[in-house]
Amino acid sequence: MSTTPELLVRGGTVVDATGERRADVRVVDGRVVEVAEGLEAPSGATVLDAGGCIVAPGLVDLHTHLREPGREEAETIETGTRAAALGGFTAVVAMPNTDPPLDSAESVRNVFALAEGAMAQVAVAGAITVGRAGERLAPMAELAALGVRLFTDDGDGVQSAGLMRRALQYATGLGVTLGQHCEDRSLAAGGTMHEGAWSSRLGLPGMPSEAEEVMVARDIALARATGGRVHFLHLSTAGSLDLVRRARADGVPVTAEVAPHHFTLTDGCAAGYDPVFKVNPPLRPQDDVDAVKAALADGTADAIATDHAPHAPELKDLPFDQAPPGMLGLQTAFALATTELDLPLARILALLSWQPAAIAGLGPDHGGTQGGPVAPGSVANLCVVDPAATWTVDPTALASRSRNTPYAGRTLTGRVRHTVLAGEPVVLDAEAQR
Amino acid sequence: MDDLDAPTIAEVLRVTDSFAEVGRRANPKVPALRGRTVATLFFEDSTRTRMSFETAAKRMSADVLSFSAGSSSVKKGESLRDTIETIQAIGMDAVIIRHSSSGVPARVAEWVDHCAVVNAGDGWHQHPTQALLDLYTVRQSLGGGQDGTDRFRGLRVTIVGDIRHSRVARSQIAAYAALGAEVTLVAPATLLPPSLEGWPIAGVSHDLDAVLASTDVISLLRLQAERGSGAYVPTMREYSAGYALTARRALQLPPEAIILHPGPMVRGVEIASEVAELPSARITDQVGNGVAVRMAVLFLLLGQGNLESEAV
C-alpha cells in the first residue's frame, strides 16, 4: 500500500459511526491524513469525484462463500473479492464450507495465502467442528491464534445441544464468537423451500419456520447459561427475531444478521420452480419479510450479511428439489438495502459496515482496520456510494464466476461508485480496476 | 391442472368421447397424428401411465420414441436441460414427461420452443391426465347430455388417503373444483398438506365413517410407502382401521355412489379386495378411459385443437 499514490476523495458527504459532515478525504500511503472541506489536490494525486455521493467506511460482509478451495468453478477468491469490491465491500468473512473445510490451521493459512492481493480483505470464519460434521470440536484455539474471531459450521447448524454448549464454554476462554446456522435437521431434512401455502400447492417438501426457531431458542438458552457469544446467521422468521429481541432485552450476549433476499423476496418466488430462488434458510412469506425489515429498523438485527453463495449454472438447471441452495449477493446488497428499506442511509451503512465489522472482530476496537471512522490515521478502507443512481441487474455483467442472482432485470436505486482498499482505488466509477 | 377452466375440461371430455369410440373399433387406429413424433420421457418408473400414453399416441398414428432414465445418458450424468435440448434437436412435436421432482414439466416448457409438453406426473405436484380420466369416468357413470359437465355441480367428492404426497389428489381437487363439485379431504392430519390455504375444497375430515353417507364419488389414494409416508402413520394396520374402504364402510355409501382408485391398488390397505370388485368400483374403467383421455389431450395439443401448448 505504500506504493499507492496520494488520493483525494472530493465533493462528498462523509458518513460514519461518528456522524455526517461535508468533507473531502485525503489519503497518503494507504491512510487517511485529512478530512475537511475544500481540500486541494496536490499534483500527481488521484482525484475521486464524490459529488452527490456519500463517503463511508468500506462495507463488511459477515457471510460470504468464496468457494475456494474446492469449488473454483463456482467462485474463486479473486472473482469473489472483485464482486465484493464492486459491491462496496472492503472486507468479507469467508465461510468455512470449502473443500477442505476451514477446520485446521493449515487450511486457514492456505486461504490467507490465496487471498494475498485480493480486492478485499478476506477474514475467515473457522469451523466449530471437525469437517463441519458436528461431532467433535475443531482446534479453535489454533485458529484463534491466526486471527479467526468467528466460528461457524454454516451450511449446517450444530445439531447436538451438548456439543454446542461445550463449544460456547470453550469459546468464552478464547474471546471468540460462535455463528449459528439455525436449522434443526429433524424438522428441516428434505425440505426445499419454506413449508406453507406455497410449498403445499407446489408439491415441494418444506422446511417449517420452527426448524429455525427451535435452534434460536436453544442457543439463546445456551448463551445465557455459558456467557458465550452467539451470532445468529441469516435469520429469516418473525419468531426467530422475536426470540432475539427478548434475549437482548434480557442482556443475553447474542447478535443477529439478516440477508437481503429475506427482506426483498417471498416464498411465492418459487412458483415457477426456478432454483435461482432456492436458498437456505428459504424465502419466507410476506409476514416474515415484514418482520425482517422491522428487526432492521428497531435494531434487533445488527447487520445485513449477503450469504453470497455462487453455484455453477448447470447446478441451478437441476430440478428444484435437487438444485443446491444459495444465491449471489455481494453486488446487490447495498442497492437492495437502499431500494427496499425505509431507513436513513446512515442506518443502512451501520448495518453494512461498522456493526458487522465489530461482530467479525475487524473493527478498530479489535485492532482491525474495517468499519472505523473516516478520520486521520485510519487505514483508508472506504466506499463512495451514490444513493440516487439507478441501475438494472444484469447477471452476465456481474463479476462472480456464477450467475445465480434472483434479481435479474430488476432496477435498483443506490449504486456503489468507488471502493478504496487500504488507499488503493480498486473500483472507480463502478468499474473494477483489476 | 390449476390452469384448466371448465370449458377447456368440457372440450377434453367431448373429444375423449370420439376417441373412446375409436377404441371400441376392431382396428382402433386413426391417422389424426400421422407424421407427428411424440417422445415419452419417464425419469420415474411407471408402467401404467407410460403404456397408456404410448398406446394413445400409436392409436393416432404418431411416431413414438420412448426414453427412460435408466437406459439413457441421464445415467451418464447428463443434465436435465441438456437431455431436453438434445431431444428437441432431434425434432419432437411433443414430450410427455414423468419426473419424481415437482415442477420439471413446467421448467421444461420454458426451455423448449416448438414442442408441446405434457405432464405425466411430477413429484407431489400434479398428474393432470389422471384427474381428467377420473372426471371422464365419473361423467360416464352419471350419464347426462352431450357435455355432461353440468352434472358435476354440487357433486360430493371425497378424496381419502395420502393427500400430502399425492400429485393425483392435487390434480383431482383442481379438476373437480373447476366443474363445481364439492371436495372433502379425509386423512390423518399428518397426511394432509402442511397448509390448505387457498385450496378449493369444501372441507376436511379425519373421520371417514362420518362422510360416507354424504359421498357421491369416493377416490382412494395409495399410501405411498416409497415416499416415506410410513412414518406419517404408526402402522398400516392403524391406517387401514381408520381410512380403508372396507366392505362394511362401502355399505354406508349411497347406492349410486362411485368408487375410484388411480392405481396401483394395495388391496387390504386402502381398499378391501371385495370392494374393488363391486359394480360401483370403476377402477378398470379408469384404466381404459385413460387411453382415450390421453388421445384427446395429444390431439388437442398437436392436432387442430386450441389447448395451449403448455404443460397441462
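Modeller: In chain A, seven strands make up an open sheet with mixed pairing, in the order E3-E2-E7-E18-E19-E20-E21 (strands are DSSP runs of type E of at least two residues, helices runs of type H or I of at least four, both numbered from the N terminus; two strands pair if DSSP finds at least two bridges between them). This is a predicted model, in which local features need pLDDT of at least 70 and side-chain atom pairs count only at pLDDT 80 or more, while totals for chains, interfaces and linings use all residues. Residues are numbered from 1 along each chain as its sequence is written, and chains are lettered from A and ligands numbered from 1 in the order in which they are written.

The edges of this sheet are strand E3 (19-22) and strand E21 (431-432) of chain A, each pairing on one side only. E21(A) is joined by two bridges to strand E20 (residues 424-428) of chain A, in the antiparallel sense. In this region A:Glu431 of E21(A) is the bridge partner of A:Leu428.

Helix H12 (residues 345-352) of chain A packs on the sheet, where it touches strand E2 (13-16), E3, strand E7 (54-57) and strand E18 (382-392) of chain A (contact requires C-beta atoms, placed from the backbone, within 7 Å). The direction of H12(A) makes about 50° with that of E2(A) (axes are lines fitted to C-alpha atoms, for helices over the stretch in contact, and angles run from 0 to 180 degrees between N-to-C directions).

H12(A) also packs with helix H11 (residues 333-340) of chain A, at an angle of about 145° and with the axes 10 Å apart. From H11(A), A:Ala333, A:Phe334, A:Ala337 and A:Thr338 meet A:Leu345, A:Ile348 and A:Leu352 of H12(A). The residues of this contact comprise six nonpolar, one polar and no charged (Ala, Val, Leu, Ile, Met, Phe, Trp, Tyr, Cys and Pro count as nonpolar, Asp, Glu, Lys and Arg as charged, and the others, Gly among them, as polar).

For reference, chain B holds an open sheet of four strands with parallel pairing, in the order E2-E1-E3-E4. Its edges are strand E2 (63-68) and strand E4 (116-122) of chain B, each with a single partner strand, so one side of each has no neighbour in the sheet.

Terms used. Contact = placed C-beta atoms within 7 Å.
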